[in-house]
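Colleague: I would like to go through the salt bridges and the packing of this model. Can we take them in turn?

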Amino acid sequence: MTDKTMTPDEVVARLRSGMTLGIGGWGSRRKPMALVRALLRSEITDLTVIAYGGPDVGLLAAAGRIRRLVAPFATLDSIPLEPHFRTARENGSLALTEYDEAMFMWGLHAAANRLPFLPVRAGLGSDVMRVNPELRTVTSPYADGEEFVAVPALRMDAALVHLNRADRLGNGQYLGPDPYFDDLFCEAADTAYVSCEQLVETAELAKAGPPQSLLVSRHSVTGVVETPHGAHFTSCAPDYGRDEAFQKLYATTPWAEFAARFLSGGSEHAYQRAVRTWHEEQQP
């Protein structure tokens, strides 16, 4: 039995500049935002980020921490295009490898299974091949002779994901409507760190949901962090929905002003306190 509990800052202390970092969740849904904010409090930079992008990508891009992004999109869901990602692309401050969503998923599967690539039909006949000239095709060795795109494995040095519940051993559980491929992120990475809304005893995981909700297994997890409201301002159903008012503030406030008010406090507790204060100010 191994207790894998850590703090957000202890997780970040294990990361290094130049790493390839996977971030779970989807768009503005169940993102490990407390871990991303801890990363912003460090000096780590020059990252290759692999994600179904949302404000995780936006925050890191605005802070100049991303060298290359590998993603099928970067969205806030209710706001179609992540504004800081857009700015970074327009000013050329980060490189982009853009895959079809299915290609991205199979890249995760390839990495999780320690394969160099997996063949897929997605991408053929589309501009995905034009904007990614490094992609190669393979021909089926069987009688059909069909051509496929050889999607390279999306291997990662580390992965960050957020789940509803976890135990101290690293078993993680989602209780919302979608797993968002977080298990693949963990299995595709050399190290994986799970933040969660609540740490519980292992026996409690079986009581909270059906067996298929036990998404992440301890064998693929390096560390576990209890971070209540740690996905804010993204959603973490059923614990809470997306903070739409705060997300709009994030999307419309100049980066320096937003960072000074909400990200300069030196801790996740300071961030959560600043958010509560802002909400109180909005009351009539």
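Colleague: Which residue forms a salt bridge with Lys31?

Modeller: This is a predicted model. Lys31 lies in the loop between β1 and α2, and its partner is in helix α3, so the pair ties together parts that are 25 residues apart in sequence. Both residues of the pair are buried. The closest N and O atoms are 2.9 Å apart, and the partner is Asp56.

Colleague: How many of the residues of helix α3 are buried?

Modeller: Helix α3 covers residues 55-62 and is mostly covered. Its buried residues include Asp56, along with Val57, Leu59 and Leu60.

Colleague: Arg30 forms a salt bridge with Asp182; how many residues apart are they?

Modeller: Arg30 and Asp182 are both buried, with the closest N and O atoms 2.9 Å apart. Arg30 sits in the loop between β1 and α2, while Asp182 belongs to helix α7. The pair links distant parts of the chain, and the separation is 152 residues.

Colleague: Which residue meets Arg37 in a salt bridge?

Modeller: Arg37 is in helix α2 and its partner is in helix α11, 231 residues apart. Both are buried. The N to O distance is 2.8 Å, and the partner is Glu268.

Key: Residues numbered from 1 in each chain as written. Predicted model: local features only at pLDDT ≥ 70, side-chain atom pairs only at ≥ 80, totals over all residues. Heavy atoms only, no water. Buried < 20%, exposed > 50% of the residue type's maximum accessible area, 1.4 Å probe, protein only. Helix = DSSP H or I, 4+ residues; strand = E, 2+ residues; numbered from the N terminus. Salt bridge = Lys/Arg side-chain N within 4 Å of Asp/Glu carboxyl O.
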